[in-house]
Amino acid sequence: MPSFYDVLYATGLVVASPVLLAKSKLRNKVRHAFAHRDGRVAPRQGDRPCVLIHGVSVGEVNAARPLVERLTPHAQVAVASTTETGYERATSLFGTDTAAGVFATRFPIDTSRAVGRFLDAIRPNVLASMELELWPNLVRVCRKRGVPVIVVNGRITTSSFRQYRRFGPLVRPMFRGATGVLAQDETYADRFRQLGMPVEKVRVAGSLKFDAAPTKTDVDGANTFAQELGLNPRRLGGTEPTLVAGSTGPAEEAIILDAFDRLRQDVPGLRLVIVPRHPPRFDEVADLIRRRHPLTRRTRETVEGGVVLVDTMGELRKAWRLADVAVIGRTLVDLGPRQHGSDLLEPAALGSPVVTGPFFANFDAPTRALLNAGGAVLAAEADQLVEHARHLLSDPDAAATQSQAARHTIDTHRGVADGTVRYLLNCLPDATEMPRQGLEP
């Protein structure tokens, strides 16, 4: 039977239909969701206990890796993602073989029928939802089937908190229906409580992103990557100081190109590498660069020198490995609450001094931890971006000090994954291969 939320969704779709008909981008997005996220996924093979991890996009999928590594000796793991980029990342990391110890799959839209089909196929024993991916029908159907729903790495941004409070009567049953929350910090934990989670169900566990950060500075393929792009970076023993801007969003590339032009006056031989966040923007960014500089594009065979555009997926880590200074994208410009911030822990853990802009709400806890420890610097405006980058590019001692502070901070914050896995394993049915002693959350 359709639920109240099914009726609500259908009503919303009807009301929004004039907008959907007028805007092809939105219409295609809705069409794609119904075509690919209707819950018809390949069924899980085998009868081992199963942990289903739900991560919306690339960031959540990456943060789930330390959980997957620790869970797979004890249970089968399904990693489900909502977005195309998230699904592609999960597929590249885990594959899609539903008989394997871990596999990727698509997460359904939140209709009763789609959620039911999906749960029939995956047969999870527990659902671990990354950060805040709770949906009313999902929680309702899981509760009806006796599947615990745990929010891990839990956080609620200020803007999301306001939205949820505005629709309090509609969302409170969803929050009350979840089994537990492992929040990143006390601020987030208190927001979950205010939205209806019982106090005893909310715990502060810390951020999983520290555990997901690399533990070594070597990156497979980084040398070949640099050679193919005509780069000779100092960090790989070359002569070229290299500025890398990763996960950039609209309007940020222009700011970075302006900063690059100013920096070249003081830093001879400086090279710039730009890695946009979203593939649909690759051509747009290429045109912007080409109007100002020679362009070397990763997917083209011709190396022209000048500014390098990495227009591929899955190679950002290689780019970070080259960086004498790493500029964190989606932090320089206010792109809206859902786009505030990118992962600064990966480049910091790889030894690159990090410069972040002021819009980092979606990575608030890790960013503030590094800023407070001197492991990152904040550029509130374009002039500060140039100032910080110039200082780090020109003063090796200052760059080394910042990198060491970042690495120390990351190492001291690791360990959240172990506690999270203990909590999740306690939600699984008993199994002979699963040690039960010492797994108290």
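Me: In strand 2 (residues 76-81), how many residues are buried?
Reply: This is a predicted model, so keep that in mind as we go. Buried means under 20% relative accessible area. By that cut-off strand 2 is mostly covered, and its buried residues number six of six.

Me: Which residues of strand 2 point the other way from Gln76, Ala78 and Ala80?
Reply: In a regular strand the side chains alternate between the two faces of the sheet. Here Gln76, Ala78 and Ala80 take one side of strand 2, and the residues on both sides are buried. The ones pointing the other way are Val77, Val79 and Ser81.

Me: How many bridges pair strand 1 (residues 50-55) with strand 2, and through which helix does the chain cross between them?
Reply: Strand 1 and strand 2 are parallel partners, with six bridges between them. The chain gets from strand 1 to strand 2 by a right-handed β-α-β crossover.

Me: Which residue in strand 2 is the bridge partner of Ile53?
Reply: Look across to strand 2, where the partner sits. For Ile53, that bridge partner is Val79.

Me: Which residue of strand 3 is the bridge partner of Val77?
Reply: Strand 2 and strand 3 run parallel, joined by five bridges. Between strand 2 and strand 3 the chain passes through helix 4 (residues 84-94), in a right-handed β-α-β crossover. Within strand 3, the bridge partner of Val77 is Val102.

Me: Is Ala104 buried or exposed?
Reply: Ala104 belongs to strand 3 (residues 102-106). Away from its neighbours within four places in sequence, Ala104 has contacts that include Val79, Tyr87 and Phe94. The relative accessibility of Ala104 is 5%, and the cut-off for buried is under 20%. That is why Ala104 counts as buried.

Me: How far apart in space are Ala104 and Gly55, C-alpha to C-alpha?
Reply: Along the sequence, 49 residues separate Ala104 and Gly55. In space, their C-alpha atoms are apart by 11 Å.

Me: What does Ile122 touch, leaving out residues up to four places away in sequence?
Reply: Ile122 is one of the core residues that touch the most other members. Its partners beyond four places in sequence are Val41, Ala42, Arg44, Cys50, Leu52, Ala78, Phe103 and Thr105.

Me: Why is strand 8 called largely enclosed by the rest of the structure?
Reply: Strand 8 (residues 242-248) pairs in the parallel sense with strand 12 (residues 325-328) over four bridges. Strand 8 also pairs in the parallel sense with strand 9 (residues 271-276), over six bridges. It's called largely enclosed because its buried residues number seven of seven.

Me: Which residue of strand 9 stands opposite Leu243?
Reply: Strand 8, helix 12 (residues 252-263) and strand 9 make up a right-handed β-α-β unit. On the strand 12 side, Ala245 stands opposite Val327. In strand 9, the residue opposite Leu243 is Leu272.

Me: Which strands stand at the edges of the open sheet?
Reply: Seven strands make this sheet, in the order 10-11-9-8-12-13-14, with parallel pairing.

Me: Which side chain makes a polar contact with the side chain of Glu284?
Reply: Glu284 lies in helix 13 (residues 282-290). At 45% relative accessibility, Glu284 counts as partly exposed. At 3.2 Å, the side chain in polar contact with that of Glu284 belongs to Arg281.

Me: How far does helix 18 (residues 396-413) reach from its first C-alpha to its last?
Reply: Helix 18 has 18 residues, and at 1.5 Å a residue the expected reach is 26 Å. The model comes out close to that, with a reach of 26 Å.

Terms used:
Residues are numbered from 1 along each chain as its sequence is written. This is a predicted model: local features need pLDDT of at least 70, side-chain atom pairs count only at pLDDT 80 or more; totals for chains, interfaces and linings use all residues. Side-chain values use heavy atoms; hydrogens and water are left out. Helices (H or I, at least four residues) and strands (E, at least two) are DSSP runs, numbered from the N terminus. Buried means under 20% relative accessible area, exposed over 50%, partly exposed in between (1.4 Å probe, protein chains only). Contact means heavy atoms within 4.5 Å. A nonpolar core is a set of buried Ala, Val, Leu, Ile, Met, Phe, Trp, Tyr and Cys residues joined through side-chain atoms within 4.5 Å. Two strands pair if DSSP finds at least two bridges between them. A crossover is right-handed if, with the strands pointing away from the viewer, the path from the first strand over the helix to the second runs clockwise. The expected span of a helix is 1.5 Å times one less than its number of residues. A polar contact is a pair of N or O atoms within 3.5 Å; within protein, one must be able to donate a hydrogen and the other to accept it, and residues adjacent in sequence count only if both atoms are side-chain atoms.
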